[in-house]
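Biologist: Please show me the model, and then let us go through it by question and answer.

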Amino acid sequence: QVQLVESGGGLVQAGGSLRLSCAASGRTFSNYAMGWFRQAPGKEREFVAAINWSGAATSYADSVKERFIISRDSAKNTVYLQMNSLKPEDTAVYYCAAKRGPHLLGAARALEYDYWGQGTQVTVSS
């Protein structure tokens with residue numbers, strides 16, 4: 001089992017920044033690729049970003065490229081999502097997820113993930 005706890009969400013004005021954190025506990029953190037997804041009211045959960053076991057490879061949704069940065073600190077068993085130049089359309093509940101296997105194959109598909117956090121709300125005002 002892997003337990004994931006997100007933090008760092010909140011209310012921010014458009015153009016601002018937030019950094020989300022996801023603390024992992026349980027099985028060996030380095031055995032998992034990690035991802036961030038988000039879900040806005042009335043919409044399906046969508047992929048945001050993913051990072052492989054070592055942090056050397058990342059993947060982003062087109063809507064967040066050049067604005068969001070995913071990273072991981074294996075010593076702290078934590079994955080981060082730095083969100084810059086936030087837009088009102090970024091408003092959603094953000095979820096952290098862990099995917100067995102170190103690589104990013106299938107990382108954009110929610111069904112590929114084995115463990116999920118409870119989510120943290122991000123609200124961007126215009």
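Predicted model: local features only at pLDDT ≥ 70, side-chain atom pairs only at ≥ 80, totals over all residues.

Modeller: Residues are numbered from 1 along each chain as its sequence is written, and side-chain values use heavy atoms, with hydrogens and water left out.

Biologist: Which residues of the largest nonpolar core touch the most other members?

Modeller: A nonpolar core is a set of buried Ala, Val, Leu, Ile, Met, Phe, Trp, Tyr and Cys residues joined through side-chain atoms within 4.5 Å. Buried means under 20% relative accessible area, exposed over 50%, and partly exposed in between, with a 1.4 Å probe and protein chains only. The largest such core has 38 residues, and those touching the most other members are L4, M34, W36, L81, M83 and Y94.

Biologist: Is β4 largely enclosed or open?

Modeller: Strands are DSSP runs of E with at least two residues, numbered from the N terminus. Seven of the eight residues of β4 are buried, so the rest of the structure leaves this strand largely enclosed.

Biologist: How many bridges join β4 to β9, and how many join β4 to β5?

Modeller: Two strands pair if DSSP finds at least two bridges between them. β4 runs antiparallel to β9 and also antiparallel to β5. The counts are eight bridges to β9 and five to β5.

Biologist: Which residue in the turn between β4 and β5 has a positive phi?

Modeller: The two strands form a hairpin, with six residues between them. The phi in question is about 80°, and the residue is G42.

Biologist: Is the disulfide left-handed or right-handed?

Modeller: A disulfide is a pair of cysteine sulfur atoms within 2.5 Å, and here C22 is joined to C96 with S to S 2.1 Å. C22 lies in strand β3 and C96 in strand β9, so the pair ties together parts that are 74 residues apart in sequence. Both cysteines are buried. The torsion about the S-S bond is about -75°, so the disulfide is left-handed.

Biologist: Which strands stand at the edges of the open sheet of four strands?

Modeller: The order is β1-β3-β8-β7, with antiparallel pairing. Inside this sheet, six bridges join β3 to β8, and C22 has V79 as its bridge partner.

Biologist: Which residue meets R38 in a salt bridge?

Modeller: A salt bridge is a side-chain nitrogen of Lys or Arg within 4 Å of a carboxyl oxygen of Asp or Glu. R38 lies in strand β4 and its partner in the loop between β8 and β9, so the pair ties together parts that are 52 residues apart in sequence. Both residues are buried. The N to O distance is 2.9 Å, and the partner is D90.

Biologist: Is D62 buried or exposed?

Modeller: The side chain of D62 meets that of K65 in a salt bridge at 3.2 Å, N to O. K65 counts as partly exposed at 41% relative accessibility. With a relative accessible area of 64%, D62 is exposed.
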